[in-house]
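Please read it alongside the structure shown below.

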Amino acid sequence: MSLVLNQVRKGFHQGETEIQVLKGLNASIEPGQVVAIVGQSGSGKSTLLSLLAGLERADSGEILVDSVNLVPLSEQEITLFRAQNIAIVFQQYHLIAHLTALENVMLSLEILKMENPRERAEEALRELGLGHRLNHFPSQLSGGECQRVAIARALVVKPKILLADEPSGNLDIHTGDMVMDVFFDIVRKHKITTILVTHSEALAKRCERVLRLEEGQLREI
Amino acid sequence: MRPFLFCIILLFSSFTFAQKKLIVLGDSLTEGYGVAKEAAYPALLEKKLHEAGKKEWTVINSGVSGSTTASAVTRMKWLFKSKPDAVLLVLGANDGLRGLKIEDSQKHLAAAIEYANSQKVRVILGGLYMPPNYGADYTGQFKKMYEALAKKYKVTFIPFILEKVGGNPKYNLADGIHPNEEGHKIIAENIFQVLKGAL
Amino acid sequence: MLWRLAFRELLRSWRFGLFFIFNLSLGLAGFVSLQAFNTALEDQLRANAKSILSADLAVSARREITDEEQKKMQAVLPSGTDQSKIYEFFAMLSSAKGSRLILIKAIDKSYPFYGELEMKSGQIIRYGTPKEILSSPTAWIYPELKSQLGLDVGDEIKLGNLKLKVADLIEKDATQTFRAATLAPRVFINRELLPQSGLLQFGSTFSLAYLLKLPPGVEEGALREKLYQALPDPQITIETPSSAGEDSGRQLGYLSDYLGLVAIIALFMSALGAAYIYRLFLSTRMKEIAILRTLGLQSGQAVGVYILQASMLGLLATVPTLFFSYLVLPLLSQLLASFTPFDLHPQVNLEAFLVCLVMAVFGSFVVSLPFLVKIFDLKAAKLFSEEKFSVNEGARRWWPYLPPLVLFYFLSVYQAHSWMTGSLFVASMVGVILMLLVIGYFTVKLAGVLKGFRLWFLKFSFLSLSRRAGASLAIFVALGLGALLINILPQLKNSLQAEFQVEGRSKIPSLFMFDIQDEQLPGVEKVLEKNHVKPLGLSPLVRARILKVNGQDYERKIEAQGFKTREEEREARFRNRGVNLSYRHDLSSSENITEGRPFSGEFKPEQQKYAELSVEYRFAERMGFQLGDVLVFDVQGVEVEGQIINLRKVKWTSFQPNFFILVQRGVLDEAPKTFIAAIPFLPEEKRFLLQNEMAQEFSNISVVDVVRTVDEVLKTAEKMSWSLELMAGLALLTGYIVLFSIVRSQIKLRRWELNMLKILGASWGEVASFILAEFAFLSFLAALAGALLSVLVSFSLNAFLFESDFKLSWAQPLVSVFIITCLSLLISFLASLDIVKESALSILREEK
C-alpha cells in the first residue's frame, strides 16, 4: 500500500500563541517500504504518527493511503479504515492488563472478526518467540516480552501499514536489538509498509529509507 | 370448665346451703374499679358483718362498671336465681353522670324495687348525689329521686353511700370519681352503720 | 509542603476535580434535601401534636392544685413561660329549647397557645385573637347543640347560675380535652365567670389544666421529668405533645422512627457515593504517589496529601450543594404542595449542613481508609516496569474498616435519634455488605465461567468482569447496596401505610350506641331497620375481673405503706380496673391474628377444659400474657376459666370497638351483658334523626357521634400516609442520583480500555455492546441481589421497629432492578458515545 503526504500542516494552540509543528510535509512511500523517521525530541515525530494513524487530524493538506484521503474522514470512518488497514505499536506497549498475552492478541483478531483467532494468535506469538508465555498476564512478562506481544497484536491482523513508535525505546540495548530483529524479519516477510519513528540512528540505518523531521519539514537522508 | 350457664347453676345450687345472702347490685363504685376485688366495699362489708357477729351473711359483689339503672331488672332476674335474702341497690351514678332524664332513672329503679318485692327479696336502697357541677337543678332532683323512692316503697335507705368520700381527693383515685382503698373502707362503714341494725 | 503538593496536583488535574465535586455534590444534595424534608415533616407533625394539646406542656389534675404545689411548679418552670389555666367539666345546659349534658371548657385569654378554632361566623380563633366570650357574657357552642336542641347564635343558655348568650358556633376544633371527649358537645366560656356559676364547689368533678407555652430552647421531656419530681402526687398528670394521644401517638412514633431511618439511609447513600468516587480517585493517583515516593516522600506524607486533597474537594463540593438547596428546594416544595396535603417549607438547617460538611470533608476519606492504607503497600519499583498501578494489592487488613464503622455507627444513632434504630440499622448494613460481598464474589466467578460466546465483545466483556475481580466486586457491592437502600423505605412504607389505610368511609362508624340492654336489643334492631341502617357491629359486653393468671394472683392489693412509685400505682389501678369481655364467632376484618390459631367454633363442654380466649397483642404485651396462659375470670360472681389461643391486632383506623379479651361463643352468651352498636357513616341529617329517635325510645342508651373525631384522625392518617409516600419517593430519587454518579465514575475508569478497543479497530457499536454487556450483567445481578436483600432487611426492621404486618410487594423491588439496570445501560451507552466522538489519542495520553 502506498502512502502519500501532500502539504500536511498541523499546529497546536498554547495559550495565545499558535505553534506550527508540521509546516507542509511532503512525502511518498512505496508499498512494502520500511521507512524510518528520525528527529530530535519535540520535532513532531509523535504528531506525525498520530496523523498517519488517524488518531489526530491534520489542519490542512492530504494524507493519501492508496488514494484514500484520511484528512476529511469522520472519526467513525477513520476508525473503520484504521481497523482494516493500519496497526500501531506503542512505545508503552499499551496492553490490556487483565488479559493474557494470548487474549490480548486474540482480541484484535476477534474485533476484526477474523477466522480461527486462537490458532492465529498462537502462531503470531510463536513467531515472536513467545510460545511458552501464552497464558501470562502483562504484569508477569518482562518489557521485551510485552513489546513482542504488542507487535504480535499489531501484525496478527495483517495490516497494510504498520506504525511503530519507538518500539525499543523502553528496552535495554540487547533486548531492544532482539525485539527489532524479529520485527524487521516479520515486516519484510509479510511486505508490510512500515513507518518506524525513532531517535536512534542505529535503528534507522536498518530501514530501507530514512526521513528526518526538522523544522516542520521532512527531508530525505 | 363448663359453660357459664351450667357453672352458674352449680354455683347457685351450692349457695342454697349457705345461710343468708346479700347481693350488692351496683356499678363501678361497687365493682371496685381500680382497686382489688377484696378491697372493694362489698368484701369489706362482709368482713364487718362477720366481725359484728352476723356470720351467716355472705355479700356478693355484682357491680358492673358503666351500668345504668336500666339494667337493674334484667340483672335481678338473673341474680335472683341464687335466691338471695337481700339486695343492696346502688345504681344511678352513671345515669346522672351521663345526664339521663331523672324520670327515666326513677322509673327503672322503681321497677327494680317492685320486682325484688315480688320475689320477696328485701331491698336496701343506696342513695347517691350528683357533683355540684351538674347544676343545682339537676343535682337537687337527683337527690330527691332516691328520697321519693325510699319513701314510696318504705325500703331501708342509705341517703348517700359516698358520705365523706365523694369530692375528697384523699379518698378517690386520680380520676376524681372512683373511691380508692381508703374510700371503700369508709363506704363499707357508712353502709354497715345502717345495716347492722337493719339485718 | 503537603499543602502545596496537594494544591498543585489539584490544579493540574482540575478536570478530575470537577468530576469528583460534581458527583459528590449530587450525593450531598440528595442528603441535604432528604434531611430538609425530614425536618420539615417532623416539625409539622410536632406542630400538629402541639395544636392538639394546644400547649408545649400541660399539667392537669382532677382537683385543684394547692398553693404549695403551685409554688413548686412555678419554681421549676423556666422564666418566660406563658401560662393559661383552663377548667373542663360536665354540666347540664338548660335553655328555653331544652336541656342537655355538655362539657364546659372554661378558658382565658391565652388559650389556645397552638392550634385554632374555626367559627361558623368565619372567624378563626388563635393565640392572641380577641375573644368575644371573654369580653361579654357569651359562650361558644358546638353545632351539635344546634341540631339537637335547636340552639343558635343569640339564644340564651343557662349553666348553673350563669346566663350567657350564644355568640358563635364552633365548626372545627382540633384540640383535645382532658375528659371523655365524645360524650357531650362542648361549650366554651370565660374562666372568670366560673365562681358566678356556682358549679365548681366541694364535690365537683372537673379537670383543671395549666397549659404552658415554654420559651424557645426548653426541652419538653426533661421539664416534664422535673415537674413530675416537683409534683409527686399521682393525681397530677403532665403531658407533652408527644405523650398525649394514645393510638395516633404510637403511629406518630412509628413515623418518627421511619423518618429517622430516612435520615440514616440518606447518610448511607451519600457516603456510599462519596466513598466509591474517592476510591476511584485514589486508584488513578497511585502512579503519582509512586513517583512522589521515589522523590523522597514518605508514605505517611503521601497519605496526608490525598487526605488534604479529598478534604479540599469535599469542601468545594458543599458549595454547589448549598446552591442547590437554596435554589431548587423551594421550587421542589412548591411543586409538592400542589398535590400533597402539606405546606412544607424544607430548609437546610445548620445541623444538616454541618453533617453534610463532616461527610464531605472527613467522610470520604474515612470511608476510603481501607484503600488509603494501600499506599503503604505501593511498590514504587513498578515505575520501572511501566506496569499499571491499582488499589487492589497488598496485604488484607481489617482495622481500616473499623474507623468508618465507628463513625457510621455514631452518625446513624445521631441521625435516627435512637440507639435502637441506629444500632439495628448499622448491624443490618454490615450483615448485608458481607452478604453482597459473597454474592458478588460468586457473580464475578460466574462471569469467568461463562464462555463460548460467538461475539468477541461478549466474550471479552465477561472476561474483563472476572479478571478485574476487585473492581467488579466493588461496583457490585455499591450497586447492590444502592438498590437495597433505595428499596428499604418504599418497602417499609407499604407496611406502615397499611396501618393508616382506611377501608373507606362507609366502613367507619359515625355513631356508637352503648348501654343497650339485652332486652332492648330487638327494639334497637327494629329502629335501625326502620331507618335502613345496618350496624357495622353489635358487640356484647360482659364485665369481668381477671382473678388469676396461670395460678398467680392478677390484681394488685395496696400495701400498708401505699404504692411505692407512680408507675406501680398506675399498674395496680390498671390491673384492678376489670375488663370488658366480648364474644364472637371469629375476628372482624379490622383484626388479624399475630400469633396462634383462630377460634375452633362454639364452646364444647365435653371436649374442652378451657374456654378459648383471643387477646389483643398490646394488652398481652403490657400484661406479660403468653399464648397458652390460663386466665381465671370473675364474671359477676361466677368463675370462668379460659386459655389464650391467639394474640390479635386491631387496626387503629378501623375505629371498631376494641376488646382486650374475646371469648369464644357458647361461654358467656347467658351472662349479664350490654351491647355496643357501631353505626356506619350516615349523612348529618339522618344521624341527628336517628339520635333523636333513639333518645326518645331508649332513654338509657347513649349515642355518641364520632364523626368529628374520626375526621380529625383520618386527616392525620392521611398526612402520615403522605409523609411516608413523600419520603420514600425522595429516597428513591436520591438513590438513583447517587447510583448514577457511581456508574458514571466507574465508566470513566474504563475509558482507556474502550479507547484501546477503538484503536484496535472495534466499531462504535461493538465498543458500546462491550461495555453494555458488562454493565447489564453486573448491574442487573447487583440490583437483583440488593433488591432481594432489601426485602429481608425491611422485613426485619419492620418486625423490630414497627411491629406492623409486613406487606410484601414484589413490584417495587423489581421495578427498581429494572430502573437501575436501565440507568447503568444508559450511562454506559452515553459513555461509549463519548469515546467514539473523542479523539483516541487524548484519552490514550490522559491516563493509562
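Two residues count as in contact if their C-beta atoms, placed from the backbone, lie within 7 Å. The model is predicted. On that definition, 25 residues of chain A are in contact with 26 residues of chain C.

**Chain A and its side facing chain C**
- On the side of chain A that touches chain C, α2 (75–85) and α3 (101–111) of chain A each supply at least two residues.
- The largest share of that side, six residues, comes from α2(A).
- Sorted by class, the side of chain A that touches chain C has ten nonpolar, ten polar and five charged residues.
- Chain A itself contains seven helices and ten strands.
- Of its 221 residues, 47% count as buried.
- Among contacts in chain A with a separation of 6 or more, 69% are between residues 24 or more positions apart.

**Chain C against chain B**
- This contact involves 58 residues from chain C and 52 residues from chain B.
- On the chain C side, the elements that give two or more residues are β2 (82–95), β3 (98–107), β12, β13 (537–549), β18 (630–635) and β19 (638–650) of chain C.
- β2(C) provides the largest share of the side of chain C that touches chain B, with five residues.
- By class, the side of chain C that touches chain B divides into 23 nonpolar, 18 polar and 17 charged residues.

**Helix α20 of chain C**
- Helix α20 (residues 684–697) of chain C has 14 residues and, at 1.5 Å a residue, should span 20 Å; its end C-alpha atoms are 20 Å apart, so the two values agree.
- Its buried residues are C:Arg687, C:Leu690, C:Gln691 and C:Met694.
- The buried residues of α20(C) pack against β12 (509–517), α17 (521–530) and β22 (702–705) of chain C.

**Helix pair α16 and α21 of chain C**
- Two packed helices are described by the angle and the distance between their axes.
- For helix α16 (residues 469–500) and helix α21 (residues 707–749) of chain C, the axes come within 9 Å and cross at roughly 175°.
- Angles over 145 degrees count as roughly antiparallel, and α16(C) is therefore roughly antiparallel to α21(C).
- The residues of the contact of α16(C) with α21(C) comprise 19 nonpolar, five polar and two charged.

How values were computed
Residues numbered from 1 in each chain as written. Chains lettered and ligands numbered in written order. Predicted model: local features only at pLDDT ≥ 70, side-chain atom pairs only at ≥ 80, totals over all residues. Helix = DSSP H or I, 4+ residues; strand = E, 2+ residues; numbered from the N terminus. Buried ≥ 20, exposed ≤ 12 C-beta atoms within 10 Å, placed from the backbone. Expected span 1.5 Å × (residues − 1). Nonpolar A, V, L, I, M, F, W, Y, C, P; charged D, E, K, R; others polar. Axes fitted to C-alpha atoms, helices over the stretch in contact; angles between N-to-C directions. Parallel < 35°, antiparallel > 145°, perpendicular 65-115°, else oblique.
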